[in-house]
Amino acid sequence: KSEVKIYRAEKIREGAIKSGYGSGVIVSREEKADKVIFDIITAAHVLSENAELFEVVRLAVAFQTEKLIAVANPKIYEAKFMFGAWGHEYVALRVEVPKSEAADLDVAVAKVAPGLPQFLETCWAAGYLGGRYPAVNKVYLSRINVQSGNYANGSPYALIMTMNFIAYGSNGGGMSGGGVFNASGEWVGLI
């Protein structure tokens, strides 16, 4: 329930728009008097392959609802780009939903796992295959790559972990940015 669809249109050069889709994970929910604010994490390449040329024309998120099948008729809301870490392959988005409509959404905030999965541990990768169809695939952790050091972007020190998984099931466009969850349903990473 913490998965969302992401739609984007970006300006790639004057007069040229490129559109695409992917998945994301809801990481926080904040209730206000008149709205509910959702923060979403997705893979950076869902928004753009080139951070230097990235210019959003339209960014929207589709939520699953209790009354509607999201494939046929999702609730779509404009999203705001908050920040991106292209070198670390993630970006953050924010979506504001009117309080009157938030009760219809069938979503949950992802619970972060307290640790990393173990070698060959069974996990589940969730996203929207083709940007339309909810898909959950069984995956097994096969390797963790760790890089560390000082970075020129102003970070004094960074530790980057890349987890590689062996996947079974339907994989393809639209799954990027979706979550990887352990057997307890806790979020361990992004596709």
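Is Asn 171 buried, exposed or partly exposed? Asn 171 counts as partly exposed because its relative accessibility is 47%; buried means under 20% relative accessible area, exposed over 50%, partly exposed in between (1.4 Å probe, protein chains only). The model is predicted: local features need pLDDT of at least 70, side-chain atom pairs count only at pLDDT 80 or more, and totals for chains, interfaces and linings use all residues. Residues are numbered from 1 along each chain as its sequence is written, and side-chain values use heavy atoms, without hydrogens and water.

Asn 171 sits in the loop between strand S9 (158–168) and strand S10 (179–181). Helices (H or I, at least four residues) and strands (E, at least two) are DSSP runs, numbered from the N terminus. Beyond its neighbours within four places in sequence, Asn 171 contacts Leu 129 and Asn 137; contact means heavy atoms within 4.5 Å. Tyr 128 is 43 residues from Asn 171 along the chain, with 9.4 Å between their C-alpha atoms.

Now the core. The largest nonpolar core holds 22 residues, and Ile 6, Phe 38 and Val 97 are among those with the most contacts inside it. Such a core is a set of buried Ala, Val, Leu, Ile, Met, Phe, Trp, Tyr and Cys residues joined through side-chain atoms within 4.5 Å. Strand S6 (90–98) is one of the elements that each supply at least two residues of this core. S6 gives the largest share, four residues. Val 97 touches residues including Phe 38, Phe 63 and Leu 105, leaving out those up to four places away in sequence. Another core, of seven residues, lies apart; Val 25 and Phe 181 are among them.
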